[in-house]
Amino acid sequence: MEIHPGATIGKYLFIDHGMGIVIGETAEIGDDCLIYQGVTLGGTGKDTGKRHPTIGNNVLIGSGAKVLGPFRVGDNCRIAANAVVLKEIPPDCTAVGVPARVVRVAGEKVNYAAEVDHIHITDPVSVEIAALRGQIELLERQVDRKKENDNNTHEGGKKYAVLQHHDNA
């Protein structure tokens, strides 16, 4: 277990099985928190000054979780085992995954699918088809110009200069 002497630790922190715990110098841990083995409260190496996370009150951090950077994990949060938290977690949330994402707020499941506007989204296939149509039209105009130039060829095989304005649209 490595706890930097500069870290600020609140009342009643409980570290269950301390093997592999790392708590950085500018980390702050609130009251009544539970941290399991293998947790890192560290920095990313990109920040100066405050480099480590601030953990709110009554937070549980599961085994192997990594909380990296100078942001806050709100009060009453749950961080799942092996989650990698790289940005702020609001109070009363549960975060899981790599990178961590909020899956519960105040005990209720977050339903991302219900929040998506299924009617007004861009169809990537139709966008690509429109781009291909534009390319085909451009190529057809170029072929038509080539045919026109070939029709203006003198019998001796020499081409006459054809002066005309070409529309590049």
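This is a predicted model: local features need pLDDT of at least 70, side-chain atom pairs count only at pLDDT 80 or more; totals for chains, interfaces and linings use all residues.
Residues are numbered from 1 along each chain as its sequence is written, and side-chain values use heavy atoms, with hydrogens and water left out.

Let's start with the sheet. What order do the strands take in the open sheet? There are 5 strands with parallel pairing, and the order is S1-S4-S7-S10-S13. At the edges sit S1 (2–3) and S13 (84–85), each of which pairs on one side only. Strands here are DSSP E runs of at least two residues, helices are H or I runs of at least four, and both are numbered from the N terminus. Two strands pair if DSSP finds at least two bridges between them. Look at S4 (residues 22–23) and S7 (residues 40–42): they pair in the parallel sense over 2 bridges, and Val-22 has Thr-40 in S7 as its bridge partner.

Now salt bridges, meaning a side-chain nitrogen of Lys or Arg within 4 Å of a carboxyl oxygen of Asp or Glu. The structure has 4 of them. Take Arg-51 and Glu-25, at 2.8 Å, N to O. Arg-51 is in the loop between S7 and S8 (54–55) and Glu-25 in the loop between S4 and S5 (28–29), so this pair ties together parts 26 residues apart in sequence. Then there's Glu-28 with Lys-50, where the closest N and O atoms are 3.5 Å apart. Glu-28 lies in strand S5 and Lys-50 in the loop between S7 and S8, so that pair links parts 22 residues apart in sequence.

Over in helix H2, Asp-150 and Lys-146 also meet in a salt bridge (3.5 Å, N to O); they lie 4 residues apart, about one turn of the helix.

H2 (residues 124–151) also holds Asp-144.

Last one: is Ala-100 buried or exposed? Ala-100 is buried, at 11%, in the loop between S14 (93–96) and S15 (101–105). Its C-alpha is 5.5 Å from that of Ala-83, 17 residues apart along the chain.

Notes:
Buried means under 20% relative accessible area, exposed over 50%, partly exposed in between (1.4 Å probe, protein chains only).
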